[in-house]
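Morning, everyone. I have one structure to go through, so let me put it up.

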Amino acid sequence: MPYLSLAETESDYLITSRREKCARLLSQPELHEEDMIELYIALHVVLEVGLNALLRRITLWHAQPAFDRREVINQVDDINFKDKTALFLYYGHFNFGQKTEQAKNHQSILKKMAHFSEIRNQLLHGHSISTFILEGQAHDSSVRRKMNPKTLAKQIGLFRDIIQGMIFYLECLDLEGRPLDKEELRKKYLDLSFLEKTKFN
């Protein structure tokens with residue numbers, strides 16, 4: 001298959017390096033505010049780059065052989081990862097068998113993505129991480145209120161739910177008689193093992 005010759009240096013490096021960064025930070029006995037900022041951003045990179053790469057591979061697998069592969073990649077890369085995910089979930093051909101209820105439960109992936117992306121968007125758009133005093137009382141900014149173990153655990157939970165949902169849909173993807181190495185795609189883009197040794201579960 002032509003798509004198998006796709007060498008994605010940028011995607012592979014970003015996913016692997018950010019997984020390693022997350023695992024390193026999460027193994028620390030204590031996390032400071034700066035560590036949490038790094039974690040929120042790195043975890044989002046793992047999700048967004050991983051899903052973009054996964055859906056690009058699936059699109060190339062599904063595209064007609066006569067299509068220009070470079071043009072397919074350029075056009076798919078112009079679609080944001082949430083929209084690509086929606087197209088995959090609602091226009092993909094799946095065989096759920098006896099798992100229709102699970103499929104319905106995993107439809108919440110898109111809502112979870114919106115909640116998951118909120119912190120990363122605030123951080124990268126330069127929202128204030130501050131505390132100010134008003135009438136003798138301290139008031140934390142919206143972003144600073146998210147710099148705590150409880151919010152981090154929730155963020156990791158959202159990440160897990162999104163990835164597990166994507167694993168479910170990938171496993172149910174109808175191959176229509178054409179070969180696709182689902183296990184290779186799962187290991188490369190939907191791996192959760194880097195979160196195994198964290199207390200934030």
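Helices here are DSSP runs of H or I with at least four residues, strands are runs of E with at least two, and both are numbered from the N terminus. Pro179 has a relative accessible area of 56% and is therefore exposed; the cut-offs are under 20% for buried, over 50% for exposed and partly exposed in between, with a 1.4 Å probe and protein chains only. From Pro179 to Leu158 is 21 residues in sequence and 31 Å in space, C-alpha to C-alpha.

Some provenance. This is a predicted model, where local features need pLDDT of at least 70 and side-chain atom pairs need 80 or more, while totals for chains, interfaces and linings use all residues. Numbering starts from 1 along each chain as its sequence is written, and side-chain values use heavy atoms, without hydrogens or water.

Overall, the protein chain has eight helices and two strands, in the order α-α-α-α-α-α-β-β-α-α from the N terminus. Its C-alpha atoms fill a box of roughly 70 × 40 × 30 Å along the principal axes. Of the 201 residues, 40% are buried.

Now helix H2, residues 33-62. Its 30 residues should span 44 Å at 1.5 Å a residue, and the end C-alpha atoms are 43 Å apart, which agrees; the expected span is 1.5 Å times one less than the number of residues. Because 21 of those 30 residues are buried, H2 is largely enclosed by the rest of the structure.
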